[in-house]
Amino acid sequence: MTGQPAAPGHEDQRGAAAPRPGTAPGRPLLPGRPGRPDVFTFGETMVALRGSGPLKLGGTMNVSIAGAESNVAIGLARLGHDVRWAGAVGEDEAGQLVLRTLRAEGVGVSGASTDPGAPTGLLLFEARLPEVTRVHYYRAGSAGSRIGAEVIERAFSAAPPRVLHLTGITPSLSPTAGAAARRALQLAREAGSLVCLDVNFRARLWTAEAAAEVLREWIPFVDVLIASDDELPLCLLGDGGGEGSPGGADGNQGAEGSQGVEGSQGVEGNLEAEGAHGALRGEEGDGAGMGAKGADGGLALCGSEQGEAAGAGAGACGDAVPLPPQEAAGAPAATVATQAGLLLDQGVGEVVVKLGAQGATVFTQGGSLHRPAKPVRAVDAVGAGDAFVAGYLSALLDGEGTAGRLERAVTTGAFAVASPGDWEGAPTRSELGMLGAPPGTVVR
């Protein structure tokens with residue numbers, strides 16, 4: 001089911017009408033053909049250890065893998081898409097676990113490499129409260145942080161993807177990783193690949209100022225921008241690091257116990273954007289639910305790797321509703337709309353804003369539509385944002401309009417919230433309809 005365009009009088013806060021049914025994206029997708037991946041993404045994937053309580057008390061831990069980009073890749077592969085992941089792992093057992101898991105999930109890893117001079121990164125999760133998870137990174141100097149531009153060049157020369165998916169995590173890892181991401185943007189422009197950027201700000205890896213410097217350089221290359229409301233200022237030219245931005249005006253230099261890179265690793269050189277993209281206009285639009293109902297019936301925010309509010313939701317599809325006038329997840333709705341409008345004016349085709357318990361809103365040059373949060377019983381909110389992205393890109397690749405893209409994103413995000421782990425609960429295509437079943441349903 002899809003939402004309906006907003007009724008007259010329910011325009012967005014910038015005064016534009018809702019996205020019109022039937023309008024086409026400004027940058028069409030490359031046609032699918034054998035050998036051309038639907039999506040190419042790259043970044044660091046680590047071994048993930050999950051404890052049941054405070055790490056200092058010891059106990060048992062579950063072993064898996066985690067990485068924002070590979071989480072998205074697995075989600076897309078389960079939905080039947082040809083997706084490739086590139087990254088570097090150490091010449092160690094942990095690296096073999098990463099590659100083995102991705103292969104088993106149907107993700108192409110021919111572009112991945114093994115680095116004998118550096119270890120595979122490590123990620124520790126500790127549950128501190130029912131809705132709060134603390135993350136500790138051990139990735140400084142890891143193999144994944146040493147990925148270079150040559151890896152990206154090989155991938156694009158083999159077969160340009162229909163969609164390049166990037167996150168703001170990769171450029172925070174090292175100058176070489178930042179250069180690889182910059183080269184990917186250039187090659188995507190040359191090949192005509194659609195570019196999706198999930199901001200994914202990580203305060204333990206770099207400061208807000210350092211992130212803003214890189215992200216603002218990338219914006220002219222971005223077709224689909226996905227961000228939480230407090231991440232939008234990082235992408236805007238001008239003053240984007242004040243109140244309401246991640247890390248505050250002075251940024252977060254990292255937290256105790258983290259071995260992530262402090263401050264900016266930076267990237268050198270400038271991207272040479274050839275003008276701004278045409279607007280990506282949705283055919284019709286609605287928002288995405290982004291809340292989760294805890295065991296006591298209260299609303300629990302969904303989170304991605306560092307605990308940010310993330311896209312999720314479940315249950316029956318509701319009608320689209322106008323952007324709520326109240327404050328949403330820390331920033332007034334009018335401010336969010338204004339910031340999204342500025343990003344559209346800078347050339348971004350589509351801005352998808354995650355608003356935590358208030359839901360999500362999509363903005364295009366044709367207007368905006370909002371969907372409130374949908375309730376789901378929360379089990380583990382980590383990875384919900386990546387699942388949201390996977391669902392959104394999957395529907396985009398299938399030719400769905402904005403409403404269909406967000407409806408699938410809501411569904412895949414809800415599966416993540418309702419399951420433990422970063423990616424383990426990602427649904428297959430045949431499972432997408434299960435969330436509409438009433439409680440107590442037994443599928444026989």
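The paragraphs below go from the overall chain to a helix pair and then to the aromatic side chains.

This is a predicted model, in which local features need pLDDT of at least 70 and side-chain atom pairs count only at pLDDT 80 or more, while totals for chains, interfaces and linings use all residues. Residues are numbered from 1 along each chain as its sequence is written, and side-chain values use heavy atoms, with hydrogens and water left out.

The chain has 9 helices and 18 strands, taken as DSSP runs numbered from the N terminus, with helices (H or I) of at least four residues and strands (E) of at least two. Of its 444 residues, 59% count as buried, a term that means under 20% relative accessible area, with exposed set at over 50% and partly exposed in between, for a 1.4 Å probe and protein chains only. Among contacts (heavy atoms within 4.5 Å) between residues at least 6 apart in sequence, 77% join residues at least 24 apart.

Two packed helices are described by the angle between their axes and the distance between the axes. For helix H8 (residues 384–397) and helix H9 (residues 402–417), the axes come within 7 Å and cross at roughly 145°; axes here are lines fitted to C-alpha atoms, for helices over the stretch in contact, and angles run from 0 to 180 degrees between N-to-C directions. The residues that meet include Ala387, Phe388 and Gly391 in H8, and Leu406, Ala409 and Gly413 in H9. By class, this contact has 11 nonpolar, 6 polar and 2 charged residues, where Ala, Val, Leu, Ile, Met, Phe, Trp, Tyr, Cys and Pro count as nonpolar, Asp, Glu, Lys and Arg as charged, and the others, Gly among them, as polar.

Turning to aromatic rings, those of Phe, Tyr and Trp (its six-membered ring) pair if their centres lie within 6.5 Å, and planes under 30 degrees apart count as stacked, over 60 as edge-to-face and the rest as tilted. By this rule the count comes to 2 aromatic pairs. The rings of Phe40 and Phe42 have centres 5.9 Å apart and planes at 25°, so this pair is stacked. Phe40 also pairs with Phe156, edge-to-face, at 6.0 Å centre to centre and with 85° between the planes. This second pair links distant parts of the chain, since Phe40 lies in strand S1 (residues 39–42) and Phe156 in helix H3 (residues 149–158), 116 residues apart. Phe40, Phe42 and Phe156 form one aromatic cluster; Phe40 is buried, with a relative accessible area of 4%, and Phe156 is buried at 6%.
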